[in-house]
Each structure stands twice: as structure tokens, then as C-alpha cells.
Amino acid sequence: MTELSIALPSGPDHQEGPIPPDLTLRSDWRSRLRPLLAFGRFEVGRLLRSWRFLAITVGFPVIFYILFLGDHTAGKVVDNTVPWRVYLMVSMCSFGALVAALNAAGTRLSMERASGWARQLRVTPLPAWSYVATKVVASMLVVLPVIVLVEAVGAGFGDVRLAMTTWVGLTVLLWATSLPFAVLGVFIGFLVAPEAAFPVVTGLMFVLGYFGGLFTPVDQMPGSLQFVAHLIPSYHQVSLALAAVDGHTLALSHWLILGGCVAILGLAIVWKHRLEEARGVA
């Protein structure tokens with residue numbers, strides 16, 4: 001029997017070739033995303049571990065919903081089409097999103113800037129834009145469970161009955177249209193000193209809530225206040241949500257105003273952030 005032996009090829013012609021470009025690109029993206037994801041988990045974890053933040057964020061809309069629910073009979077209709085209980089649930093979802101977004105970003109960001117935390121992040125591998133983007137994303141992540149909880153209270157205590165597809169669509173719509181609140185919160189955090197952040201955020205919550213028609217239907221307000229309501233994003237968020245519940249067309253004007261708020265506030269944040277970077281503050 002003849003012994004068969006196989007010699008492994010050697011020499012420069014059989015050396016390992018270069019790493020394919022797609023593998024290099026994939027590895028590069030992973031190395032960039034890893035610190036961003038870690039920073040994002042850190043931010044969300046900080047918010048969820050704060051019992052004060054959770055108490056204010058969850059408590060305000062739920063308590064207001066239960067209190068206002070008994071002020072009107074179950075058969076009352078708002079704007080000739082929407083039952084009072086549905087309107088109140090939607091408006092308190094919007095108010096809860098407003099409270100969560102402003103508190104998640106505004107107050108905390110202001111304190112972080114004063115403490116030097118933003119300057120410390122500049123020496124990390126995180127890109128400059130990630131600090132602002134993570135704040136917005138973290139705010140949006142804590143807004144979603146607040147909306148779901150208020151909806152659960154509406155279904156349990158307010159006897160709101162909707163089809164499952166309507167519940168899902170309403171939740172997604174309310175969450176997506178909360179983006180202006182998250183961006184506003186970040187802008188307030190850049191704009192206001194720490195000692196004034198909490199009063200400013202609290203004042204904005206109730207000013208935007210009242211003048212946006214979250215406590216009183218806009219059609220029941222005086223004419224001048226109705227004009228003001230049309231300038232506030234919470235009014236357009238609630239208008240879209242009520243139209244979705246009632247099966248009406250989602251007016252393009254509401255989307256345009258909400259998008260315009262995000263664009264204007266986003267540009268203001270970029271300008272403020274670059275200004276503070278140039279001064280070595282952020």
C-alpha cells in the first residue's frame with residue numbers, strides 16, 4: 001500500500017489575502033456603534049432608576065386623568081364627534097409625553113452641563129453629536145411607556161373601548177409626534193441654568209398643556225386662545241390622534257407644523273451646542 005501525503009502549499013503565492021472591504025466596513029461600524037449603544041443604555045438606565053422622575057412623569061397625567069374624568073358625564077361629546085373620555089385619554093397621553101420629555105432632557109441636561117459632565121464626554125471616543133442625539137433618543141424611549149400606561153388607565157378606569165388596531169395605531173402616532181417635546185427638552189437644557197431649569201420646565205408643562213388644549217377642548221376657548229393653540233405642538237399632536245381614533249384623514253398641516261417645530265428647535269440646538277463647544281463649555 002502506498003502512503004499518500006499532502007504537502008500544504010507555501011510561499012508568497014499562497015499567503016492570506018487582504019480582508020474583504022465589506023468585513024472591514026462591518027467591523028468599523030460595530031466599533032462605532034458599541035460606545036453609542038453603551039452610552040444610550042446608561043442614559044435610559046439613569047432615568048428609570050430615578051424614582052422622583054418616574055413619580056412626576058407617571059403621576060401627573062394619571063392623576064389628572066382620574067380627577068378630570070368625573071367632571072363630565074360619560075356621554076359628553078367633544079367637537080361633535082369624539083367622546084369626552086376618549087378626548088381626555090388622548091390629551092393626558094400628550095401631557096404625559098410632554099412631562100416625560102421635558103423632565104428627561106431639560107432638567108438633567110442643564111445640571112450635567114453645570115457639573116462638567118458634558119466636557120468630560122469630549123475626551124471619550126463618542127462623536128460630538130452623540131451627546132445631543134442620545135438625549136433625544138432617551139427622552140423618546142421613556143415617553144413610550146408613559147403613553148401606554150395612560151392608555152391602560154383610560155381603558156381600565158375611563159371605559160375607553162377601541163379596536164386593537166386602533167390602539168396600536170394611536171400609540172405609535174402619539175409616540176412619533178412626541179418628538180418635538182423631546183427636542184424642546186434638550187433645547188431647554190442647553191438654554192437654562194440649573195437653578196432655573198426645574199421652574200422653567202414645570203411652567204412650560206402647564207403653559208403648553210393648557211394653551212395647547214390638553215385640559216380644555218380648544219373649541220371651548222376664547223377666540224384669541226384658539227389662535228395661540230394652533231401654534232403649539234401639543235394641539236396638533238392631539239388633533240392628529242383624535243382624527244385617527246375617529247377615522248378621519250390626518251391633515252397634512254398638523255404634520256407640517258410638528259415637523260417645522262422639530263427643524264427649528266433642532267437648528268437652535270446645533271447652534272447652541274457649537275457655540276458652547278467653541279467656548280469649551282460643552
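**Cysteines, core and helix packing in a predicted model**

Cys93 has a relative accessibility of 1% and therefore counts as buried, a term that denotes under 20% relative accessible area, with exposed meaning over 50% and partly exposed lying in between (1.4 Å probe, protein chains only). Cys261, at 18% relative accessibility, is likewise counted as buried. The structure holds zero disulfides, a disulfide being a pair of cysteine sulfur atoms within 2.5 Å. The model is a predicted one, in which local features need pLDDT of at least 70 and side-chain atom pairs count only at pLDDT 80 or more, whereas totals for chains, interfaces and linings use all residues. Residues are numbered from 1 along each chain as its sequence is written, and side-chain values use heavy atoms, with hydrogens and water left out.

The largest nonpolar core contains 61 residues, of which Tyr65, Met89, Val90, Met92, Phe95 and Val186 touch the most other members; such a core is a set of buried Ala, Val, Leu, Ile, Met, Phe, Trp, Tyr and Cys residues joined through side-chain atoms within 4.5 Å. Two or more residues of this core are given by each of α2 (51-69), α3 (84-115), α5, α6, α7 (179-191), α8 (194-211), α10 (233-246) and α11 (252-278), where helices (H or I, at least four residues) and strands (E, at least two) are DSSP runs numbered from the N terminus. The largest share, 18 residues, comes from α3. When its neighbours within four places in sequence are left aside, Phe95 is in contact (heavy atoms within 4.5 Å) with Phe60, Pro61, Phe64, Met205, Phe206, Gly209, Leu214 and Phe215.

The axes of α5 and α6, taken as lines fitted to C-alpha atoms over the stretch in contact, with angles running from 0 to 180 degrees between N-to-C directions, come within 10 Å and cross at roughly 140°. That angle makes α5 oblique to α6, since angles under 35 degrees count as roughly parallel, over 145 as roughly antiparallel, 65 to 115 as roughly perpendicular and the rest as oblique. Residues Met140, Val143, Leu144, Ile147, Val148, Glu151 and Ala155 in α5 meet Trp167, Leu170, Thr171, Leu174, Trp175 and Ala176 in α6. Asp159 is partly exposed, with a relative accessible area of 48%.

Gly266 is found in helix α11 and, at 24% relative accessibility, counts as partly exposed. The C-alpha atoms of Gly266 and Phe187 are separated by 8.0 Å, although these residues lie 79 residues apart along the chain.
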